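Have the structure open beside you as you read.

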Amino acid sequence: MNKDTAGIVPATQQPGILKTLLLCLPMMIITVMMLSKGKPPMEPVRQIAFILTFVLVNSIFFLMIRTGETDRWRSILFVTYAVCFVISFISNLIEARGSMAVSQANMIEGLTPFCHIVIPMTIIPAALTKTIIFPGTIIGTKTAIAGMFVLWIGSSLALGKGFCSWVCFFGGLDEGFSRLFKKARIKNVNPKWNYLPYAVLLLIVLASAVTLAPFYCEWLCPFKTVTEYPEITSAKTVIQAIIFISLFIALVMVLPALTKRRIQCSLFCPMGAFQSWTNKINVFDVRVDPEKCIECKKCIQTCPTFSINEETIAKGKTAITCMKCGKCIDACKQGAIFYHIKGTPLEGRVEIYRRLFIYPAFIFLATMSGGFVQDAIVKTIKLIITGSMF
Amino acid sequence: MRKLKSLLGYIWAVAVIIIALATFLGQDYFGRALAAATGITVNPRYSGGEIMKTVDHAKYKTAMHRPVFDALIGQTKEGFIQINWAPAAGLPQVISEGLDYNSDGKEDFIVTLNTATGKATLASSNPAVLGIDKSYHLKNGWAVRVLLKQP
(Lines give C-alpha, C1' and ligand atoms only; values in the text may rest on other atoms or scores of the structure.)
Protein backbone atom coordinates (compact mmCIF):
# COMPACT_ATOMS: atom_id res chain seq x y z
CA MET A 1 0.00 0.00 0.00
CA ASN A 2 1.32 3.45 -0.92
CA LYS A 3 2.18 5.39 2.22
CA ASP A 4 0.47 8.47 0.77
CA THR A 5 -2.91 6.83 1.07
CA ALA A 6 -2.58 6.14 4.79
CA GLY A 7 -5.36 7.59 6.92
CA ILE A 8 -8.46 9.20 5.49
CA VAL A 9 -6.71 12.21 3.97
CA PRO A 10 -4.29 11.32 1.20
CA ALA A 11 -1.09 13.43 1.18
CA THR A 12 -2.23 15.16 -1.99
CA GLN A 13 -5.34 16.41 -0.19
CA GLN A 14 -3.66 17.34 3.09
CA PRO A 15 -3.93 21.05 3.91
CA GLY A 16 -0.83 23.19 3.34
CA ILE A 17 1.08 24.72 6.25
CA LEU A 18 -0.74 28.05 5.98
CA LYS A 19 -4.20 26.48 5.84
CA THR A 20 -3.27 24.18 8.73
CA LEU A 21 -2.12 27.15 10.81
CA LEU A 22 -5.33 28.97 9.99
CA LEU A 23 -7.37 25.95 11.06
CA CYS A 24 -5.31 25.73 14.26
CA LEU A 25 -5.67 29.43 15.13
CA PRO A 26 -9.05 29.07 16.92
CA MET A 27 -7.59 26.23 19.01
CA MET A 28 -4.53 28.35 19.91
CA ILE A 29 -6.80 31.15 21.14
CA ILE A 30 -9.03 28.73 23.07
CA THR A 31 -6.08 26.94 24.67
CA VAL A 32 -4.42 30.22 25.74
CA MET A 33 -7.70 31.15 27.41
CA MET A 34 -8.32 27.73 28.97
CA LEU A 35 -4.76 26.99 30.09
CA SER A 36 -4.25 30.41 31.68
CA LYS A 37 -7.82 30.55 33.07
CA GLY A 38 -7.84 34.21 32.04
CA LYS A 39 -4.81 35.08 34.20
CA PRO A 40 -1.34 34.61 32.68
CA PRO A 41 0.98 32.97 35.23
CA MET A 42 3.41 35.34 37.00
CA GLU A 43 5.81 32.87 38.65
CA PRO A 44 8.70 31.94 36.23
CA VAL A 45 8.28 28.18 36.85
CA ARG A 46 4.58 28.43 36.05
CA GLN A 47 5.32 30.52 32.96
CA ILE A 48 7.67 27.78 31.69
CA ALA A 49 5.03 25.12 32.41
CA PHE A 50 2.38 27.19 30.64
CA ILE A 51 4.52 27.68 27.51
CA LEU A 52 5.55 24.00 27.37
CA THR A 53 1.95 22.84 27.76
CA PHE A 54 0.70 25.31 25.17
CA VAL A 55 3.33 24.16 22.67
CA LEU A 56 2.65 20.47 23.34
CA VAL A 57 -1.12 20.77 23.05
CA ASN A 58 -1.07 22.92 19.92
CA SER A 59 1.64 20.85 18.20
CA ILE A 60 -0.59 17.82 18.63
CA PHE A 61 -3.60 19.62 17.23
CA PHE A 62 -1.49 20.94 14.34
CA LEU A 63 -0.39 17.40 13.50
CA MET A 64 -3.96 16.12 13.69
CA ILE A 65 -5.07 18.70 11.15
CA ARG A 66 -2.00 18.44 8.94
CA THR A 67 -1.74 14.66 8.68
CA GLY A 68 -5.41 13.75 8.85
CA GLU A 69 -4.58 11.17 11.53
CA THR A 70 -6.46 11.37 14.81
CA ASP A 71 -5.60 8.57 17.20
CA ARG A 72 -1.86 8.65 16.53
CA TRP A 73 -1.60 12.17 18.01
CA ARG A 74 -4.54 11.98 20.44
CA SER A 75 -2.97 9.03 22.21
CA ILE A 76 0.25 10.98 22.93
CA LEU A 77 -1.65 13.72 24.74
CA PHE A 78 -4.11 11.28 26.32
CA VAL A 79 -1.35 9.17 27.89
CA THR A 80 0.61 12.29 28.94
CA TYR A 81 -2.61 13.60 30.53
CA ALA A 82 -3.09 10.43 32.59
CA VAL A 83 0.53 10.33 33.78
CA CYS A 84 0.47 14.05 34.68
CA PHE A 85 -2.89 13.61 36.40
CA VAL A 86 -1.39 10.95 38.67
CA ILE A 87 1.71 13.08 39.43
CA SER A 88 -0.39 16.18 40.09
CA PHE A 89 -3.12 14.42 42.09
CA ILE A 90 -0.77 12.45 44.35
CA SER A 91 1.53 15.42 44.99
CA ASN A 92 -1.44 17.64 45.83
CA LEU A 93 -2.81 15.01 48.22
CA ILE A 94 0.54 14.67 49.97
CA GLU A 95 0.88 18.44 50.18
CA ALA A 96 -2.63 18.85 51.65
CA ARG A 97 -2.87 15.73 53.85
CA GLY A 98 0.63 14.38 54.10
CA SER A 99 -0.49 11.06 52.62
CA MET A 100 -2.37 9.40 49.74
CA ALA A 101 -4.63 7.76 52.30
CA VAL A 102 -8.05 9.25 52.92
CA SER A 103 -9.06 9.03 56.57
CA GLN A 104 -12.60 8.76 57.86
CA ALA A 105 -12.20 12.28 59.27
CA ASN A 106 -11.43 13.51 55.73
CA MET A 107 -14.60 11.78 54.57
CA ILE A 108 -16.94 13.30 57.14
CA GLU A 109 -15.44 16.72 56.37
CA GLY A 110 -16.27 16.19 52.68
CA LEU A 111 -12.64 16.41 51.59
CA THR A 112 -12.75 13.57 49.05
CA PRO A 113 -12.48 14.71 45.41
CA PHE A 114 -15.44 13.53 43.33
CA CYS A 115 -14.70 11.32 40.34
CA HIS A 116 -16.95 10.69 37.32
CA ILE A 117 -16.94 6.91 37.88
CA VAL A 118 -19.17 7.49 40.93
CA ILE A 119 -21.93 9.04 38.80
CA PRO A 120 -23.88 5.86 37.90
CA MET A 121 -23.88 4.81 41.57
CA THR A 122 -25.39 8.08 42.75
CA ILE A 123 -28.45 8.17 40.52
CA ILE A 124 -30.89 5.84 42.35
CA PRO A 125 -30.06 7.21 45.83
CA ALA A 126 -30.24 10.79 44.49
CA ALA A 127 -33.66 10.13 42.99
CA LEU A 128 -35.04 8.55 46.17
CA THR A 129 -33.28 10.47 48.94
CA LYS A 130 -32.20 13.72 47.22
CA THR A 131 -28.69 13.09 48.50
CA ILE A 132 -25.40 12.09 46.93
CA ILE A 133 -23.76 9.02 48.44
CA PHE A 134 -20.23 10.37 48.35
CA PRO A 135 -18.04 12.02 51.01
CA GLY A 136 -17.40 15.19 49.01
CA THR A 137 -18.86 18.66 48.77
CA ILE A 138 -21.67 19.73 46.45
CA ILE A 139 -20.16 23.08 45.37
CA GLY A 140 -17.18 25.29 46.11
CA THR A 141 -14.12 23.32 45.03
CA LYS A 142 -12.53 22.28 41.73
CA THR A 143 -13.59 18.68 42.30
CA ALA A 144 -16.99 19.41 43.84
CA ILE A 145 -19.83 17.06 42.97
CA ALA A 146 -22.04 19.54 41.04
CA GLY A 147 -19.11 20.76 38.93
CA MET A 148 -18.15 17.20 37.98
CA PHE A 149 -21.76 16.47 37.01
CA VAL A 150 -21.71 19.57 34.75
CA LEU A 151 -18.48 18.36 33.15
CA TRP A 152 -19.96 14.91 32.58
CA ILE A 153 -23.24 16.25 31.14
CA GLY A 154 -21.39 18.67 28.83
CA SER A 155 -18.91 16.08 27.59
CA SER A 156 -21.59 13.42 27.14
CA LEU A 157 -23.72 15.80 25.06
CA ALA A 158 -20.67 16.78 23.05
CA LEU A 159 -18.87 13.47 22.59
CA GLY A 160 -21.05 10.62 23.88
CA LYS A 161 -18.76 7.73 24.72
CA GLY A 162 -15.95 9.75 23.18
CA PHE A 163 -15.67 10.82 26.85
CA CYS A 164 -13.62 7.67 27.47
CA SER A 165 -10.97 8.57 24.89
CA TRP A 166 -10.90 12.35 25.14
CA VAL A 167 -11.94 13.36 28.68
CA CYS A 168 -11.38 10.57 31.22
CA PHE A 169 -8.24 11.14 33.29
CA PHE A 170 -7.75 7.42 33.93
CA GLY A 171 -8.12 6.04 30.39
CA GLY A 172 -4.64 7.10 29.34
CA LEU A 173 -3.04 4.73 31.85
CA ASP A 174 -4.80 1.75 30.31
CA GLU A 175 -4.00 3.07 26.84
CA GLY A 176 -0.36 3.68 27.70
CA PHE A 177 0.14 0.09 28.84
CA SER A 178 -1.74 -1.21 25.79
CA ARG A 179 0.89 0.43 23.59
CA LEU A 180 3.94 -0.95 25.38
CA PHE A 181 4.55 -3.85 23.00
CA LYS A 182 4.50 -3.87 19.23
CA LYS A 183 2.52 -7.10 18.98
CA ALA A 184 -0.27 -8.55 21.07
CA ARG A 185 0.72 -11.59 23.14
CA ILE A 186 -2.91 -12.58 23.66
CA LYS A 187 -4.77 -12.26 20.39
CA ASN A 188 -8.14 -13.85 20.97
CA VAL A 189 -10.42 -12.49 23.65
CA ASN A 190 -13.83 -14.09 23.87
CA PRO A 191 -16.42 -11.47 22.81
CA LYS A 192 -18.67 -12.60 25.65
CA TRP A 193 -16.39 -10.60 27.99
CA ASN A 194 -17.95 -7.49 26.43
CA TYR A 195 -20.94 -8.04 28.69
CA LEU A 196 -18.86 -7.93 31.87
CA PRO A 197 -18.88 -4.12 32.33
CA TYR A 198 -22.68 -4.15 32.14
CA ALA A 199 -22.77 -6.82 34.85
CA VAL A 200 -20.33 -4.75 36.94
CA LEU A 201 -22.51 -1.68 36.34
CA LEU A 202 -25.66 -3.50 37.45
CA LEU A 203 -23.91 -4.92 40.51
CA ILE A 204 -22.46 -1.63 41.68
CA VAL A 205 -25.63 0.38 41.04
CA LEU A 206 -27.74 -2.05 43.08
CA ALA A 207 -25.14 -2.57 45.80
CA SER A 208 -24.61 1.18 46.15
CA ALA A 209 -28.34 1.82 46.40
CA VAL A 210 -28.78 -0.86 49.06
CA THR A 211 -25.74 0.12 51.14
CA LEU A 212 -25.99 3.87 50.46
CA ALA A 213 -22.26 3.90 49.76
CA PRO A 214 -20.30 4.01 46.49
CA PHE A 215 -19.63 0.27 46.24
CA TYR A 216 -17.18 0.47 43.31
CA CYS A 217 -15.03 3.07 45.10
CA GLU A 218 -15.03 1.03 48.28
CA TRP A 219 -14.25 -2.34 46.75
CA LEU A 220 -13.41 -2.46 43.04
CA CYS A 221 -11.75 0.69 41.71
CA PRO A 222 -8.27 -0.17 40.33
CA PHE A 223 -7.38 3.51 40.14
CA LYS A 224 -7.37 3.84 43.93
CA THR A 225 -3.85 2.46 43.59
CA VAL A 226 -2.66 5.66 41.91
CA THR A 227 -4.98 8.22 43.51
CA GLU A 228 -6.25 7.85 47.07
CA TYR A 229 -7.25 4.86 49.11
CA PRO A 230 -8.86 4.40 52.51
CA GLU A 231 -6.43 4.72 55.40
CA ILE A 232 -5.36 1.20 56.39
CA THR A 233 -6.75 0.79 59.89
CA SER A 234 -8.42 -2.61 59.83
CA ALA A 235 -8.59 -6.01 58.11
CA LYS A 236 -11.32 -4.60 55.87
CA THR A 237 -9.09 -1.79 54.59
CA VAL A 238 -6.20 -4.24 54.04
CA ILE A 239 -8.50 -6.43 51.87
CA GLN A 240 -9.67 -3.34 50.00
CA ALA A 241 -6.07 -2.28 49.31
CA ILE A 242 -5.17 -5.78 48.06
CA ILE A 243 -8.17 -5.76 45.68
CA PHE A 244 -7.31 -2.28 44.34
CA ILE A 245 -3.67 -3.14 43.68
CA SER A 246 -4.48 -6.56 42.16
CA LEU A 247 -7.09 -5.09 39.82
CA PHE A 248 -4.72 -2.29 38.81
CA ILE A 249 -1.90 -4.69 37.99
CA ALA A 250 -4.17 -7.11 36.14
CA LEU A 251 -6.59 -4.80 34.32
CA VAL A 252 -4.61 -1.61 33.78
CA MET A 253 -1.06 -2.91 33.40
CA VAL A 254 -0.70 -6.59 32.46
CA LEU A 255 -3.77 -7.41 30.33
CA PRO A 256 -3.66 -4.19 28.24
CA ALA A 257 0.05 -4.78 27.59
CA LEU A 258 -0.58 -8.42 26.55
CA THR A 259 -3.68 -7.81 24.44
CA LYS A 260 -2.93 -4.30 23.13
CA ARG A 261 -6.51 -3.39 24.13
CA ARG A 262 -7.92 -1.10 26.79
CA ILE A 263 -9.05 -3.98 29.00
CA GLN A 264 -10.06 -2.02 32.10
CA CYS A 265 -11.97 0.52 30.00
CA SER A 266 -13.75 -1.94 27.73
CA LEU A 267 -14.20 -5.05 29.86
CA PHE A 268 -14.58 -3.78 33.42
CA CYS A 269 -15.28 -0.05 33.82
CA PRO A 270 -18.93 0.48 34.84
CA MET A 271 -18.73 4.15 33.85
CA GLY A 272 -17.71 3.05 30.36
CA ALA A 273 -20.73 0.76 30.17
CA PHE A 274 -22.99 3.54 31.44
CA GLN A 275 -21.43 6.00 29.01
CA SER A 276 -22.20 3.71 26.02
CA TRP A 277 -25.81 4.85 26.11
CA THR A 278 -24.76 8.49 25.69
CA ASN A 279 -23.59 7.56 22.17
CA LYS A 280 -27.32 7.47 21.35
CA ILE A 281 -27.82 11.14 22.20
CA ASN A 282 -24.65 12.31 20.50
CA VAL A 283 -24.37 13.77 17.01
CA PHE A 284 -21.08 12.09 16.09
CA ASP A 285 -20.59 8.47 15.19
CA VAL A 286 -18.02 6.32 13.40
CA ARG A 287 -19.27 4.78 10.18
CA VAL A 288 -17.95 2.13 7.82
CA ASP A 289 -18.42 2.11 4.07
CA PRO A 290 -18.78 -1.63 3.33
CA GLU A 291 -18.22 -0.95 -0.39
CA LYS A 292 -14.75 0.47 0.24
CA CYS A 293 -13.90 -2.22 2.79
CA ILE A 294 -11.47 -4.85 1.50
CA GLU A 295 -11.99 -7.03 4.58
CA CYS A 296 -8.38 -6.77 5.72
CA LYS A 297 -9.73 -6.75 9.33
CA LYS A 298 -7.08 -4.27 10.49
CA CYS A 299 -9.80 -2.24 12.20
CA ILE A 300 -11.00 -5.32 14.09
CA GLN A 301 -7.45 -6.12 15.19
CA THR A 302 -6.64 -2.58 16.28
CA CYS A 303 -9.88 -1.48 17.97
CA PRO A 304 -8.90 -1.09 21.64
CA THR A 305 -12.46 -1.65 22.85
CA PHE A 306 -13.75 -4.58 20.72
CA SER A 307 -16.26 -2.18 19.15
CA ILE A 308 -15.88 -3.26 15.54
CA ASN A 309 -16.38 -6.73 14.05
CA GLU A 310 -17.63 -8.36 10.83
CA GLU A 311 -21.22 -7.90 11.95
CA THR A 312 -20.91 -4.15 12.65
CA ILE A 313 -18.91 -3.63 9.44
CA ALA A 314 -21.73 -5.24 7.45
CA LYS A 315 -24.13 -2.79 9.12
CA GLY A 316 -21.80 0.10 8.23
CA LYS A 317 -21.16 1.22 11.78
CA THR A 318 -19.34 0.53 15.01
CA ALA A 319 -20.85 -0.93 18.18
CA ILE A 320 -22.45 1.23 20.88
CA THR A 321 -19.27 0.82 22.93
CA CYS A 322 -17.18 2.81 20.41
CA MET A 323 -15.05 5.44 22.23
CA LYS A 324 -14.37 7.44 19.03
CA CYS A 325 -10.63 7.28 19.59
CA GLY A 326 -10.03 7.13 15.84
CA LYS A 327 -7.64 4.16 15.93
CA CYS A 328 -9.63 2.16 13.35
CA ILE A 329 -9.92 5.25 11.14
CA ASP A 330 -6.14 5.75 11.20
CA ALA A 331 -5.60 2.04 10.52
CA CYS A 332 -7.93 1.82 7.53
CA LYS A 333 -5.78 2.42 4.47
CA GLN A 334 -8.87 2.38 2.24
CA GLY A 335 -10.54 5.30 4.01
CA ALA A 336 -13.55 3.04 4.54
CA ILE A 337 -13.99 4.11 8.18
CA PHE A 338 -14.66 7.72 9.09
CA TYR A 339 -16.13 10.08 11.66
CA HIS A 340 -19.66 11.05 10.66
CA ILE A 341 -22.30 13.57 11.68
CA LYS A 342 -25.70 11.96 12.14
CA GLY A 343 -28.22 13.12 9.53
CA THR A 344 -25.60 14.03 6.93
CA PRO A 345 -24.88 11.93 3.83
CA LEU A 346 -22.31 9.18 4.19
CA GLU A 347 -20.48 9.95 0.98
CA GLY A 348 -17.95 12.79 0.72
CA ARG A 349 -16.94 15.52 3.20
CA VAL A 350 -15.39 13.04 5.64
CA GLU A 351 -12.57 15.44 6.54
CA ILE A 352 -15.15 18.15 7.38
CA TYR A 353 -16.96 15.65 9.63
CA ARG A 354 -13.66 14.74 11.28
CA ARG A 355 -12.70 18.36 11.89
CA LEU A 356 -16.12 19.15 13.33
CA PHE A 357 -15.61 16.24 15.74
CA ILE A 358 -12.02 16.91 16.74
CA TYR A 359 -12.58 20.60 17.55
CA PRO A 360 -14.92 19.97 20.54
CA ALA A 361 -13.16 16.71 21.42
CA PHE A 362 -9.81 18.46 21.51
CA ILE A 363 -11.20 21.38 23.53
CA PHE A 364 -12.13 18.81 26.20
CA LEU A 365 -8.81 16.97 25.99
CA ALA A 366 -6.68 20.13 25.95
CA THR A 367 -8.56 21.83 28.78
CA MET A 368 -8.78 18.75 30.98
CA SER A 369 -5.15 17.77 30.43
CA GLY A 370 -3.76 21.31 30.45
CA GLY A 371 -4.11 21.95 34.16
CA PHE A 372 -2.59 18.61 35.15
CA VAL A 373 0.24 18.79 32.61
CA GLN A 374 1.18 22.29 33.81
CA ASP A 375 1.02 21.24 37.45
CA ALA A 376 3.11 18.11 36.81
CA ILE A 377 5.75 20.21 34.99
CA VAL A 378 5.85 22.71 37.86
CA LYS A 379 6.23 19.93 40.43
CA THR A 380 8.94 18.21 38.36
CA ILE A 381 10.93 21.44 37.92
CA LYS A 382 10.65 22.14 41.66
CA LEU A 383 11.79 18.60 42.42
CA ILE A 384 14.85 19.00 40.19
CA ILE A 385 15.76 22.47 41.50
CA THR A 386 14.95 22.16 45.20
CA GLY A 387 14.71 18.42 45.82
CA SER A 388 11.07 18.81 46.87
CA MET A 389 7.87 19.01 44.84
CA PHE A 390 6.29 21.54 47.21
CA MET B 1 -36.09 16.04 4.11
CA ARG B 2 -32.54 14.73 3.54
CA LYS B 3 -31.26 18.29 3.20
CA LEU B 4 -33.06 19.39 6.35
CA LYS B 5 -31.66 16.42 8.31
CA SER B 6 -28.21 17.22 6.98
CA LEU B 7 -28.53 20.90 7.92
CA LEU B 8 -29.72 20.00 11.42
CA GLY B 9 -26.80 17.61 11.74
CA TYR B 10 -24.31 20.36 10.89
CA ILE B 11 -26.03 22.86 13.23
CA TRP B 12 -25.89 20.31 16.04
CA ALA B 13 -22.22 19.55 15.31
CA VAL B 14 -21.31 23.26 15.45
CA ALA B 15 -23.40 23.68 18.62
CA VAL B 16 -21.23 20.97 20.21
CA ILE B 17 -18.23 23.34 20.04
CA ILE B 18 -20.29 25.89 21.97
CA ILE B 19 -21.32 23.18 24.47
CA ALA B 20 -17.64 22.26 24.95
CA LEU B 21 -16.66 25.87 25.67
CA ALA B 22 -19.71 26.52 27.86
CA THR B 23 -18.97 23.40 29.92
CA PHE B 24 -15.65 24.81 31.08
CA LEU B 25 -16.43 28.52 31.15
CA GLY B 26 -19.73 27.96 32.95
CA GLN B 27 -18.78 24.99 35.13
CA ASP B 28 -19.08 26.93 38.40
CA TYR B 29 -22.25 28.74 37.38
CA PHE B 30 -23.97 25.61 36.05
CA GLY B 31 -22.77 23.66 39.08
CA ARG B 32 -24.36 26.13 41.48
CA ALA B 33 -27.52 26.25 39.35
CA LEU B 34 -27.70 22.44 39.29
CA ALA B 35 -27.25 22.25 43.07
CA ALA B 36 -29.89 24.93 43.65
CA ALA B 37 -32.38 23.46 41.18
CA THR B 38 -32.16 19.92 42.54
CA GLY B 39 -31.71 20.87 46.21
CA ILE B 40 -29.34 17.93 46.44
CA THR B 41 -27.04 17.52 49.47
CA VAL B 42 -24.37 15.08 50.60
CA ASN B 43 -25.87 12.00 52.23
CA PRO B 44 -26.01 12.43 56.03
CA ARG B 45 -24.15 9.14 56.48
CA TYR B 46 -21.12 11.15 55.32
CA SER B 47 -21.93 14.74 56.31
CA GLY B 48 -23.53 13.87 59.65
CA GLY B 49 -26.78 15.58 58.66
CA GLU B 50 -28.10 19.04 59.43
CA ILE B 51 -27.00 20.76 62.65
CA MET B 52 -29.91 20.66 65.10
CA LYS B 53 -28.51 22.57 68.06
CA THR B 54 -25.43 24.66 68.87
CA VAL B 55 -24.07 25.32 72.35
CA ASP B 56 -21.65 28.23 72.82
CA HIS B 57 -18.98 27.61 75.47
CA ALA B 58 -17.22 30.96 74.84
CA LYS B 59 -13.87 29.41 73.80
CA TYR B 60 -15.44 26.70 71.64
CA LYS B 61 -18.80 25.59 70.32
CA THR B 62 -20.64 22.28 70.37
CA ALA B 63 -22.72 21.44 67.30
CA MET B 64 -25.20 18.61 67.58
CA HIS B 65 -26.39 17.17 64.26
CA ARG B 66 -29.78 15.52 63.78
CA PRO B 67 -30.06 11.77 64.44
CA VAL B 68 -29.36 9.89 61.21
CA PHE B 69 -31.48 6.82 60.49
CA ASP B 70 -31.71 7.52 56.73
CA ALA B 71 -32.11 4.53 54.42
CA LEU B 72 -32.80 4.33 50.69
CA ILE B 73 -36.49 3.96 51.49
CA GLY B 74 -37.73 4.75 55.00
CA GLN B 75 -35.43 4.49 58.01
CA THR B 76 -32.97 2.01 59.47
CA LYS B 77 -33.40 0.51 62.95
CA GLU B 78 -29.99 1.74 64.01
CA GLY B 79 -28.31 5.02 63.27
CA PHE B 80 -26.05 7.62 64.80
CA ILE B 81 -25.81 11.20 65.92
CA GLN B 82 -22.75 13.34 65.26
CA ILE B 83 -21.41 15.93 67.69
CA ASN B 84 -18.74 18.40 66.61
CA TRP B 85 -16.50 20.61 68.74
CA ALA B 86 -14.61 23.56 67.21
CA PRO B 87 -12.37 25.51 66.91
CA ALA B 88 -9.44 23.28 67.79
CA ALA B 89 -7.53 26.15 69.42
CA GLY B 90 -10.28 26.72 71.99
CA LEU B 91 -10.82 23.11 73.03
CA PRO B 92 -9.86 21.92 76.54
CA GLN B 93 -7.86 18.72 76.92
CA VAL B 94 -10.95 16.88 78.13
CA ILE B 95 -14.44 17.73 76.96
CA SER B 96 -17.31 16.31 78.92
CA GLU B 97 -20.78 17.28 77.87
CA GLY B 98 -24.30 16.07 78.58
CA LEU B 99 -26.65 16.18 75.60
CA ASP B 100 -30.39 15.85 75.01
CA TYR B 101 -30.67 14.61 71.42
CA ASN B 102 -34.43 14.00 71.32
CA SER B 103 -35.35 17.38 72.86
CA ASP B 104 -37.48 15.82 75.63
CA GLY B 105 -35.85 18.03 78.28
CA LYS B 106 -33.86 15.12 79.76
CA GLU B 107 -30.16 14.50 79.24
CA ASP B 108 -29.73 11.35 77.11
CA PHE B 109 -25.98 10.80 77.39
CA ILE B 110 -22.75 12.33 78.60
CA VAL B 111 -19.92 12.13 76.10
CA THR B 112 -16.33 12.59 77.24
CA LEU B 113 -13.55 13.18 74.75
CA ASN B 114 -9.84 13.46 75.41
CA THR B 115 -8.65 15.85 72.68
CA ALA B 116 -5.03 14.81 73.21
CA THR B 117 -5.60 11.09 72.58
CA GLY B 118 -8.94 11.06 70.74
CA LYS B 119 -10.35 8.58 73.26
CA ALA B 120 -14.08 9.00 73.71
CA THR B 121 -16.35 7.44 76.34
CA LEU B 122 -20.07 7.56 76.89
CA ALA B 123 -22.42 7.39 79.85
CA SER B 124 -25.92 6.74 78.61
CA SER B 125 -29.14 7.44 80.46
CA ASN B 126 -31.39 6.57 77.51
CA PRO B 127 -31.74 2.92 76.34
CA ALA B 128 -31.85 4.14 72.72
CA VAL B 129 -28.24 5.34 73.02
CA LEU B 130 -25.99 2.37 72.22
CA GLY B 131 -22.44 3.65 72.55
CA ILE B 132 -19.58 5.45 70.83
CA ASP B 133 -19.05 4.68 67.17
CA LYS B 134 -15.84 6.64 66.57
CA SER B 135 -14.06 9.91 67.26
CA TYR B 136 -12.64 11.94 64.38
CA HIS B 137 -9.80 14.48 64.45
CA LEU B 138 -10.97 17.16 62.02
CA LYS B 139 -9.03 20.04 60.48
CA ASN B 140 -10.37 22.48 63.05
CA GLY B 141 -11.74 20.43 65.89
CA TRP B 142 -13.13 17.05 66.81
CA ALA B 143 -16.26 15.04 66.07
CA VAL B 144 -17.79 12.00 67.70
CA ARG B 145 -20.50 9.73 66.36
CA VAL B 146 -22.77 8.10 68.94
CA LEU B 147 -24.70 5.01 67.92
CA LEU B 148 -28.46 5.08 68.40
CA LYS B 149 -31.40 2.77 67.89
CA GLN B 150 -34.93 3.79 67.04
CA PRO B 151 -36.87 4.49 70.24
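What follows is a briefing on confidence and strand pairing in chain B of a predicted model. The model scores ipTM 0.92 and pTM 0.93.

**Confidence**
- Chain B averages a pLDDT of 96, and 100% of its residues score at least 70.

**Strand 5 and its partners**
- Strand 5 of chain B, residues 75-86, runs antiparallel to strand 3 (residues 61-65) of chain B, and four bridges join the two. If you want a landmark here, M64(B) has I83(B) as its bridge partner in strand 5.
- Strand 4 (residues 68-70) of chain B is also antiparallel to strand 5, with two bridges between them. One pair to look up is D70(B) with Q75(B).
- Strands 4 and 5 of chain B form a hairpin with four residues between the strands, and in this hairpin G74(B) takes a positive phi near 75°.
- Eight bridges link strand 5 of chain B to strand 10 (residues 141-149) of chain B, again in antiparallel fashion. Here W85(B) has W142(B) of strand 10 as its bridge partner.

**The open sheet**
- Three strands of chain B make an open sheet in the order 6-7-8, with antiparallel pairing.
- Its edge strands are strand 6 (94-99) and strand 8 (120-124), each pairing on one side only.
- On average, neighbouring strands of this sheet are turned by 15° against each other, direction ignored.
- Six bridges hold the antiparallel pairing of strand 6 with strand 7 (residues 109-114) of chain B; G98(B) has I110(B) in strand 7 as its bridge partner.

How values were computed
Residues numbered from 1 in each chain as written. Chains lettered and ligands numbered in written order. Predicted model: local features only at pLDDT ≥ 70, side-chain atom pairs only at ≥ 80, totals over all residues. Pairing = 2+ DSSP bridges. pLDDT = per-residue confidence, 0-100. Axes fitted to C-alpha atoms, helices over the stretch in contact; angles between N-to-C directions.
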